[in-house]
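Here is a short report on a single protein chain. Look at the model first, then read on.

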Amino acid sequence: MSPILVTLLVTIFAPCVPSISLDQLFPYGLQFGDSPLLPGREDATSTEVHLKVPLKYFQRDYLSLFVNENGLVSFSTEISTFYNVQFPMEYPIIAPFYADIDTRGVG
């Protein structure tokens with residue numbers, strides 16, 4: 001498909017795409033008990049988050065998870081290091097945003 005055609009289609013149809021407002025998203029932030037990313041650390045992870053309702057993932061129920069700074073949600077253990085490897089990994093994870101984030105504030 002030519003770049004001109006793609007641009008034309010995006011220009012025509014982009015205004016038709018529905019969007020959601022912030023109040024429709026899951027509540028997040030410090031006021032909801034979220035932990036901030038700590039400056040000066042790299043590859044941090046949350047403490048174990050205990051779930052009120054089990055999460056079924058690949059025919060297995062999980063009662064807790066870890067939120068890792070590298071963008072992974074892991075179930076069996078924290079994954080505090082970025083691995084540049086192909087998926088799937090050897091342990092159960094969800095990768096909503098998998099990247100090597102650096103919050104040290106340098107560079």
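A polar contact is a pair of N or O atoms within 3.5 Å; within protein, one atom must be able to donate a hydrogen and the other to accept it, and residues adjacent in sequence count only if both atoms are side-chain atoms. The side chains of N68 and S74 make such a contact, at 3.0 Å.

## Basis of the model

This is a predicted model: local features need pLDDT of at least 70, side-chain atom pairs count only at pLDDT 80 or more, and totals for chains, interfaces and linings use all residues. Residues are numbered from 1 along each chain as its sequence is written, and side-chain values use heavy atoms, with hydrogens and water left out.

## Overall layout

The protein chain holds 1 helix and 4 strands. Helices (H or I, at least four residues) and strands (E, at least two) are DSSP runs, numbered from the N terminus. Along the sequence the pattern is α-β-β-β-β.

Of the 107 residues, 19% count as buried. Buried means under 20% relative accessible area, exposed means over 50%, and partly exposed lies in between (1.4 Å probe, protein chains only). The chain exposes about 8600 Å², and carbon and sulfur atoms supply 63% of that area. Accessible areas come from the Shrake-Rupley method with a 1.4 Å probe; for residues, only the protein chains shown count as cover. Among contacts (heavy atoms within 4.5 Å) between residues at least 6 apart in sequence, 34% join residues at least 24 apart.

## The sheet

The 4 strands form an open sheet in the order β1-β2-β3-β4, with antiparallel pairing. β1 (49-57) and β4 (93-94) stand at the edges, each with a single partner strand, so one side of each has no neighbour in the sheet. Two strands pair if DSSP finds at least two bridges between them.

β1 and β2 pair in the antiparallel sense over 5 bridges. β2 (residues 60-67) and β3 (residues 73-74) pair in the antiparallel sense over 2 bridges. F66 stands opposite S74 in β3.

## The β1-β2 turn

β1 and β2 form a hairpin with 2 residues between them. Neither is a glycine, yet phi is positive in F58, at about 50 degrees, and in Q59, at about 60 degrees. Are their side chains on the buried or exposed side of the cut-offs? F58 is exposed, at 65% relative accessible area. Q59 is exposed too, at 73%.

## The aromatic cluster

The structure holds 3 aromatic pairs. The ring centres of Y57 and F58 are 4.8 Å apart and their planes stand at 80 degrees, so this pair is edge-to-face. Rings of Phe, Tyr and Trp (its six-membered ring) pair if their centres lie within 6.5 Å; planes under 30 degrees apart count as stacked, over 60 as edge-to-face and the rest as tilted. Y57, F58, Y62 and F75 form one aromatic cluster.

## N68 and the β2-β3 turn

β2 and β3 form a hairpin with 5 residues between them. G71 in the turn has a positive phi of about 95 degrees. N68 lies in the loop between these strands. At 4% relative accessibility, N68 counts as buried.

What does N68 touch, not counting residues up to four places away in sequence? The list is A44, T45, V73, S74, E78, I79 and S80. With S74, N68 also makes the side-chain polar contact at 3.0 Å.
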